[in-house]
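Welcome! Let us learn to read a fold together, one feature at a time.

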Amino acid sequence: MRPSAPFSTLLSSLHAGQSAVISGLDAQSELYLRLTAMGLRIGKQVQLLRSAAFSGPLHVRVGTTDIMLRKSEAARVQVVPVDSVAGA
């Protein structure tokens, strides 16, 4: 795990259409390997496309790949919103 950036938040707290850069993964080895296998790696840009009602899954785009994540998994991914990166 890498220390969080100054303006970091969680992937699960982004709004639909918002983009961010992954700054850390706070997950045990099995989940960490699963997330990285799906392309969620530190330094990669992600975009939250939509989130299902009632704490349902999140539809996320990493590069050209669309994935669905449980909200609990997305809460393990620390991100820095793109507008914060540009202002830093």
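**Reading the fold**

Q: Of the 88 residues of the protein, what share counts as buried?
A: Buried means under 20% relative accessible area, exposed over 50% and partly exposed in between, with a 1.4 Å probe and protein chains only. Here 33% of the 88 residues count as buried. This is a predicted model, where local features need pLDDT of at least 70, side-chain atom pairs count only at pLDDT 80 or more, and totals for chains, interfaces and linings use all residues. Residues are numbered from 1 along each chain as its sequence is written, and side-chain values use heavy atoms, leaving out hydrogens and water.

Q: How many helices and strands does the protein have?
A: Helices (H or I, at least four residues) and strands (E, at least two) are DSSP runs numbered from the N terminus. The protein has 3 helices and 6 strands, in the order β-β-α-β-β-β-α-β-α.

Q: Which strands does β2 pair with?
A: Two strands pair if DSSP finds at least two bridges between them. β2 runs antiparallel to β3 over 3 bridges and antiparallel to β6 over 5 bridges. A20 faces V46 in β3 and P81 in β6.

Q: Why is β2 described as largely enclosed?
A: Because 6 of its 7 residues are buried, β2 is largely enclosed by the rest of the structure.

Q: What does L69 touch?
A: Contact means heavy atoms within 4.5 Å. Leaving aside residues up to four places away in sequence, L69 touches L11, L35, M38, L40, P57, L58, V60 and A74.
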